[in-house]
Every structure is written in structure tokens, then in C-alpha cells.
Amino acid sequence: MMLEELLDNTSELISIYDRDLRLVQCAARLKILRGDAISVGASLFDLYPGLASGDAREALDRLLTNGAPVVVNVAIAPNRELRLRAFPTGAGLGLIEVAESAAAAAIAEHGKLLHQATHDVLTGLQNRQRLSERLHEILAPRNGVLAPSALMQIDLDDFKSVNDTLGHGTGDELLKLAANRIRSVLQEGDSAFRYAGDEFAIIQYDKDPSEAEGVALALVDAFKAPFIINDMPLFVGASVGIAFGPQHGTESEELMKAADIALYAAKRDGRGCMRVFNRSMMLLIEQRENLRRSLRMALERQELLLEYQPLLRSSGKVVGFEALLRWNHPEIGRIPPNVFIPIAESDGLMEDIGRWVLSEACRQAMTWPDSLNIAVNLSPAQFLGGSLTDTVAQVIDSTGIRADRLELEITESVLLEQTVDNLDTLNTLNVLGIRISLDDFGTHYSSLSYLKNFPFDSLKIDQYFVHDLESDGKSQTIVRAIIALAHGLDMMAIAEGVETAAQAQWLIDEGCDLLQGYHLGLVMSAEVARVFASKGGASRRRRERIN
């Protein structure tokens, strides 16, 4: 039996409302009893004022949140209450004024099936289908005018790491908790959606743009608090991209693209923030695509090169160099690594580029005194490629460099993926005699279990803590603790980003083993590095400044 036929023939007093709680359909009998008060578009709270507050309103809010039917009592006159059964319809809710009948049960079942078809099973939020439908609705002119609207695209930062390391069960629980945080910032009339994996969206309609920005900022703040799962705190942030209709798009695909570009900008600007779309972002995307195409040819065209920064003992004696990858684009000029390396990683180019970096660094190191080490950074993509140990062994054989002169630097993000495989890879490299350094220690997850389970030779103290060593007591405490931790685990402590004599002296006084930074030696070409090394490293004046 069709819904319209049910409503025309049932004796039950049934009314059905959209997501804005405005009447869309009702039983013929209810129209007869209520007269002009029952008209399409009428507010639920005009028809049943008792639902607007108190326990009844809380019950409705629960229904709209979790989709479970509720029974509420509302006062309609002194000493008189009306019993209402509310149920989800997929696009809103329905109400029945009397006990449930066969017709009402059929309508409720219809609503249940519709809800399942339009909502995400895991989080209870509306799904991709409803997102598409809602976008078409808000971008449809009313009386020839497009009302203002906002689309917020939300991506969870670091969710993949949690899902891969702690399992999909934990990942699913995290998604449910994330959906609740998204609900917590919604304003009246807002709609929330989960449309893919860890990707969510919020739609606002007929509101001032500043309200969307306020919701986005509240959402970013809400995700700063840890998620507690199985008594374990997990930190997963949120990045938000906002596009406004109709100025950023009058069709759903156009608005989605604009919000996606704004989301990319939020990710690029450090994540855990919100960005509003503007036309200049489109230019940046186009530039990125041009760089992507050029990068595929950069290695073949010999546009990539290595530069080196020295690592020195407190005496000023150079003990090695860190290889730094550079790209000289023939038209744009020097492109920073933080711009092109993420492109190389996402496009699957890092294995080839990383193999070249490793080979070239070892080849050039063979022109230096054989007491000097060479440190090479490994990207997560390169580390997880599956052929790293074979590549390292081949480079050692082809260049003739001693294995103990080579140090590979990895970041903590590598360790968040496939832990067992990582341990096997690191142990194999250790057997080959390669030194392993944990880079940027203290700025990411910094789990002490890494230091117990992985064979590191040194910890690199991130420049974030070195920068304000002269004035910040907290940074001093952290750096002092990292140095003690490294020495207690029979590792070397290396400080990077040393830019002043005072920083250098503080680190030396605390027993830091090696120093690196502009105060001690600028980034230089391979030939300059060879001359620098042959002269014993830092100049006498530089050594005097250190001491």
C-alpha cells in the first residue's frame, strides 16, 4: 500500500514532517479535525506547542540523533495530556496521536527502511546519497532566488594511522565518537553527513556565512581534546574546508569542488584548522598539478640535487653531514622540499627519488675523509615500499661506502604503520651495520615503546625545542630529559636548528653529543662540504664562538 493511500484511508491521526520540522503530509482525518491549522509547511511546534521544550523536546532530539522511535506526552489543556508516538521517516519524522495501528506500523516500517537507505549505519549521520540530495535542494532557486548556503567538508587528521596500527574496530569506534563531536557543534537547522571513510560534511542553509565559520572553528576546537577508547587517549584533529553558495558554486559538483579545494588548503596550512574557499586557491591547485607533471621528469632531467649540512661535536670537529634534497625547476627556480616531497609521496615517486638520493649521497661521501658519516632522510612512503633493505644493500655494494658511515633518519610517523614489518626492516638494517636515527623526536607521538622496541642509534632533538632554549624553562626541561633519555638507552643525542652561540653552549653544557644548525655550518654543496671537511670542520673563530 502506498503512503498516500495509507494516509487517505487510516483512522489514525498521523502527520509527517521534514528535517526542518515542517509539515509535508498528514492523514485526511487529521485535516478534517484540525481544519486550517493543518497546512503544508506548518511548524511542528505550532501544531503541538508542548513539544517545543522540556522532556518532550529532549525525546525528539534523541530521535533525530539516533533514529529510535519515542513516545511522548504533551499537555494540551489543564489536566489533559496528549500521547504522541514519534518515529523517523528518513527525511524527518512522523507523529501519531493515538495507539499504533496496522496502518501506522506500515508507515513506521516505511520510515525505518527509508532511514536505513539514507543514513550511515556506523555513525547514524546522513550518507552520501542524502548529501547529494540536500545539495540539490539548497541550490534550487525559490521564487527565482538562491538563498545563501554553506558546505563544510571535514577530514580527520591522522585517522589512517590509528586505523592501521590499532585496528578497524578502534577506527570504527573513533568514527562514532567523531560523529558525536560533529553533532555537538551543529546549530538549529544544520545537517551533518558521513559520505566516505573519515570524510564528513555539514550543510547550512539560509544563514549568514559567519555562522558557518563559527561552526567550523568550534569543530576544530572540539577535536583538540583526546578521544578515549579502551582507556587509551587518541589525538585525531579535524581540518575543515568551507564553500558558500551561490558565490562559490550554483551546482552541487561545483560547490563540492570548492569546499574540497578549501579543505586541501587547510591540510596544506598545517591541518587542524579551517579555510574558506577563494579563487587564489584554485590557482595554487593548478600550480600543484603543473609541479606534479614536472616532478615526474625532474630526476631524468637532472634537476634534483643534494646539499649538505654538517654535524659537529662540541669541539667544533665535523663528524658528518646530513644530505638535503633540493629541486631546481628550470622555470620556477628553487622549490622547497616541503612543497614537492608530499607530491612525490602521493604520486608514488619517492622510491625512485629516494633510491637516487641514497646512491648520490653515498657516492659523494666517498670523496670525503672516510671518518665522516653521511645521514640520509627516509620518507614514510619510501620506508614502507618493501624494497628498502635491498636498495640500501645495493647502494653500499655499488658505491663501496662502509655501512657504518651511513645513517638513515626516520620520523615517528613511519613507526605508526605496520609495526611488525618496520621492526623487521630496522633489524635487518642494523645487521647490515647501518646506523638509525629517530628524527624530530618530541614533536609527534613520542611513544617510549619505540625506543624500547626499535634499534635506534641516536635521537634528534627537534629545532622546535632548541629555538627558545635561552628563555623558555619548559623547553630546557624537555631537552634535558631527551638528552638523559638518549644516554640512558646508550644512544647519541643530536640537536638540530642551533642558530646562536648561547643555544650551542647550553646544549654543550648539558652533554648533547652533536650539534647541527646555521650557527655551526650553513647548507653547502657537495664540493664545499668536501673542502669544509678537509679543513677539519668549523673554523677557529667558529670553535671559539661555540665554546
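Trainee: What makes helix α13 (residues 350-365) roughly parallel to helix α15 (residues 388-399)?

Mentor: The axes of α13 and α15 come within 10 Å and cross at roughly 30°. Angles under 35 degrees count as roughly parallel, over 145 as roughly antiparallel, 65 to 115 as roughly perpendicular and the rest as oblique; α13 is therefore roughly parallel to α15. The axes are lines fitted to C-alpha atoms, for helices over the stretch in contact, with angles from 0 to 180 degrees between N-to-C directions. The model is a predicted one, in which local features need pLDDT of at least 70, side-chain atom pairs count only at pLDDT 80 or more, and totals for chains, interfaces and linings use all residues. Residues are numbered from 1 along each chain as its sequence is written, and side-chain values use heavy atoms, without hydrogens and water.

Trainee: What is the handedness of the crossing in which α13 passes α15?

Mentor: α13 passes α15 in a right-handed crossing. A crossing is right-handed if the near helix is turned clockwise from the far one by less than a right angle, and left-handed if anticlockwise.

Trainee: Why are α11 and α12 called roughly perpendicular to each other?

Mentor: Helix α11 (residues 279-298) and helix α12 (residues 337-346) have axes that come within 10 Å and cross at roughly 70°. That angle places the pair in the roughly perpendicular class, therefore the description of α11 and α12. Their crossing is right-handed.

Trainee: Why does P310 count as buried?

Mentor: P310 lies in strand β13 (residues 304-312). Buried means under 20% relative accessible area, exposed over 50%, and partly exposed in between (1.4 Å probe, protein chains only). P310 has 0% relative accessibility, so it counts as buried.

Trainee: Which residues are buried in helix α21 (residues 501-509)?

Mentor: In α21, Q503, A504, W506, L507 and I508 are buried. Just after α21, G511 takes a positive phi of about 90°.

Trainee: Which element gives the largest share of the lining of the second largest pocket?

Mentor: The largest share, 6 residues, comes from α4. The second largest pocket holds about 910 Å³ of space. Of its 31 lining residues, R19, L64, T65, G189 and D190 are the closest to its centre. Both α4 (54-66) and β7 (191-196) give two or more residues to the lining.

Terms used: On a 1 Å grid over the protein atoms alone, a cavity is a set of points where a 1.4 Å probe fits but cannot get out, and a pocket is an open set with protein on both sides within 12 Å along at least five of seven lines; lining residues have an atom within 4 Å of a point. Grid points are joined across faces, edges and corners, and a volume is the space filled by probe spheres set on the points. Helices (H or I, at least four residues) and strands (E, at least two) are DSSP runs, numbered from the N terminus.
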